[in-house]
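Please look through the sequence and the model shown here before reading on. The paragraphs that follow take up the packing of helices and then the surroundings of the ligand.

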Amino acid sequence: MPWNRPLMIVLLAGLVAVTWWRLQPADGQIHRSQLLMGTVVEIMAGGRPTGQLEDAVDAAFAEMTRLDLLFSSYRPDSEVSRLSQSTRGGEVSAETAAVLALGLEVAQRSGGAFDLTLGRLKSLWGIDGDNPVVPDRQAIAAALAGIGPKALTLDGRQLSKQSGPLQIDLGGIAKGYAVDRAVAVLKEHGIASAAVNAGGDMYLLGQRPERPWRVGIQHPRNKDAVLETVQVDDRAVVTSGDYERFFEQDGQRYHHIFDPQSGFPARGCQSVTVIADSVALGDALATALFVLGPQAGLRLLDQYPGAEALIVAADGSLHASEGWTKYQVTP
Ligand code: ADP
Ligand code: MG
């Protein structure tokens with residue numbers, strides 16, 4: 001069964017379809033990768049002496065490792081796991097509160113399409129394990145009981161669970177937040193040119209030497225084809241797709257983005273790319289738009305003036321927000 005990790009392709013200006021990890025860094029750039037948060041995290045940085053770049057990139061990876069220990073659902077001792085185990089909630093760290101606050105806002109504005117309380121459902125499908133299965137309807141209904149945008153309330157750093165033993169899942173937003181933090185650490189180390197990519201959650205800082213960053217968005221049904229190329233600086237580019245983590249049963253594709261209304265993988269899209277100021281917001285919006293589908297998704301985006309999106313609908317048709325064209329590179 002294919003578990004296609006790469007979501008995006010970063011292009012050297014002028015070069016087409018060179019995958020990110022096959023890229024040779026330009027003169028003076030360094031390129032490092034680490035397995036983190038269930039994906040390959042890549043950092044490319046330049047514009048400073050190599051020793052300074054190395055220190056900065058090491059510190060950025062250390063920061064992401066620290067956050068994984070806080071947010072992971074797979075580590076029983078993470079803060080999120082402890083919250084999941086508690087029946088009423090409790091006080092959370094400032095960082096977890098920040099991620100929860102943003103996630104809950106997107107949950108509310110998306111009418112519950114984005115949902116931080118889907119943990120039980122995700123475990124039931126076994127979507128991150130070796131033997132994912134289509135669960136029976138009763139089990140799905142049980143996993144959905146009590147979930148939704150009202151199931152969690154946050155007051156400052158106090159999180160309250162309204163309906164008992166909910167499993168919290170930050171999988172749709174935590175990686176984005178971690179990339180934002182990695183970029184902040186790079187900046188603290190004096191880096192002004194970098195790209196950080198956590199399996200399709202990407203931030204492009206400044207420019208490559210003398211050239212703007214360009215990101216090729218992978219075609220969701222042809223991994224060797226670039227659907228579109230965008231040019232950005234100091235922006236997040238985040239893609240959620242149904243081709244990254246999925247299994248097939250009886251000819252049907254089951255992937256890892258769930259529609260909380262049905263308890264099944266959302267059916268409206270093949271992929272959604274969001275360009276936003278922060279990766280955390282882009283991450284949450286890409287997941288939310290994926291669940292909502294093109295029409296309702298673009299309506300949600302109207303509430304986020306700084307964000308733009310390109311949606312590939314289930315039938316392969318393309319739907320872009322009005323401001324998308326300002327990032328498009330004309331071939
Ligand atoms: P990726 O992790 O591949 O970048 P996403 O950002 O779309 O992709 O996140 C998918 C993950 O988000 C799932 O693995 C799961 O943990 C979580 N998730 C699934 N469905 C939803 C949803 N409707 N709302 C919020 N999170 C979700
Ligand atoms: Mg997401």
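A crossing of two helices is called right-handed if the near helix is turned clockwise from the far one by less than a right angle, and left-handed if the turn is anticlockwise. In this predicted model, the crossing of α6 and α7 is right-handed, and the crossing of α1 and α6 is right-handed as well.

Two packed helices are described by the angle between their axes and by the distance between those axes. For α6 and α7 the angle is about 160°, and the axes lie 7 Å apart. Because angles over 145 degrees count as roughly antiparallel, α6 is roughly antiparallel to α7. Helix α1, which spans residues 50-71, packs against helix α6, residues 174-188, at an angle of about 150°, with 8 Å between the two axes. That angle therefore makes α1 roughly antiparallel to α6.

Which residues come nearest to ligand 1? Of the 19 residues around it, these are D169, S240, E244, F258 and D283. Sorted by class, the shell consists of 7 nonpolar, 5 polar and 7 charged residues.

Several polar atoms can be followed from the ligand to the protein. S240, one of the nearest residues, places a polar side-chain atom 2.6 Å from an oxygen atom of ligand 1. The backbone takes part too: a polar backbone atom of G172 lies 3.1 Å from an oxygen atom of ligand 1, and a polar backbone atom of A113 is 2.9 Å from a nitrogen atom of the ligand. Of the 570 Å² of accessible area that ligand 1 has on its own, the protein covers 97%.

Note on methods: Residues numbered from 1 in each chain as written. Chains lettered and ligands numbered in written order. Predicted model: local features only at pLDDT ≥ 70, side-chain atom pairs only at ≥ 80, totals over all residues. Heavy atoms only, no water. Near = heavy atom within 4 Å. Polar contact = N/O pair within 3.5 Å; in protein donor to acceptor, adjacent residues only side chain to side chain. Areas by Shrake-Rupley, 256 points an atom, 1.4 Å probe, with all protein chains shown as cover. Nonpolar A, V, L, I, M, F, W, Y, C, P; charged D, E, K, R; others polar. Axes fitted to C-alpha atoms, helices over the stretch in contact; angles between N-to-C directions. Helix = DSSP H or I, 4+ residues; strand = E, 2+ residues; numbered from the N terminus. Parallel < 35°, antiparallel > 145°, perpendicular 65-115°, else oblique.
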